[in-house]
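Have the model open as you read.

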Amino acid sequence: MADPNENQTQVTVLDEFDSFCSYFVGSNSSNYLLVGFGDRQQINDVESALRRVDDLISKLTTVDDEGEVLPKRIHFVYGGDPYDVGKPTIAHIVKHLKQNYENRVKIFAVQNDCVRKVEHWVDYVYWCTTEYENDDSNGKRVIWGGFNENQGLKGASRYYLDEHILGKLSGVVCVGGGKIATEEVQFALNCGLPVGWIQCEPKFDVQIQTVNDLLSEKVSKGLLQPNDFGFLESMK
């Protein structure tokens, strides 16, 4: 259910993925993949998560000698999760970023074309071809995203972690995250990307590995250390 009090604005639909990449990796921008809990698990304390997002943005920006905030633009790309006012998910984080940092933040979405519905605070969207896998009990099942060693990147993940975007990412920001997000974060770490970890607990525990589990284990083993921005990086 969308928020009925919002004014609608125009979302730019990009039909070609090359165009999407060009807009995303624009000049004078820092670029991040944004992942987190979806509507299956949700964010338990969204207000706390939003405060930590604000703290992270403050760490990512500086003010030069002339009083100008740098970087001028921060681009976030995510999977286009729909917003439901009663279900606190990564979509709530995206809305908060756009509403509170509109002059500096641009939101990009790569969404499976079986959905084709993005919120009005998204600036640019690319609808990727939906992938399916056979499921004998329910027919075809959508592969939303993820990664494994045998299949590589899957679903929307193969687009927003495409090599043309991957090489331009400053890092990954994760606000919790379930199975798909965990696989994406592991892939990003394998590629040497730093990870900004906003710890938050799921509202619903479905007994699957989360981003919190993955990063907690790696930190406890000394495999990750924070950089100057507080992002976790793999030990060399």
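Which elements make a right-handed β-α-β unit? They are E12, helix H6 (residues 179-190) and E13; right-handed means that, with the strands pointing away from the viewer, the path from the first strand over the helix to the second runs clockwise. Helices (H or I, at least four residues) and strands (E, at least two) are DSSP runs, numbered from the N terminus.

A word on ground rules: this is a predicted model, where local features need pLDDT of at least 70, side-chain atom pairs count only at pLDDT 80 or more, and totals for chains, interfaces and linings use all residues. Residues are numbered from 1 along each chain as its sequence is written, and side-chain values use heavy atoms, leaving out hydrogens and water.

| Partner of E12 | Bridges | A facing pair |
|---|---|---|
| E2 (residues 29-36) | five | Val35 and Cys174 |
| E13 (residues 195-198) | four | Val175 and Ile198 |

A cavity is a set of points on a 1 Å grid over the protein atoms alone where a 1.4 Å probe fits but cannot get out; lining residues have an atom within 4 Å of a point. Its lining includes Val173, Val175 and Ile198, and H2 (46-60) gives the largest share, three residues.

Conventions
On a 1 Å grid over the protein atoms alone, a cavity is a set of points where a 1.4 Å probe fits but cannot get out, and a pocket is an open set with protein on both sides within 12 Å along at least five of seven lines; lining residues have an atom within 4 Å of a point. Two strands pair if DSSP finds at least two bridges between them.
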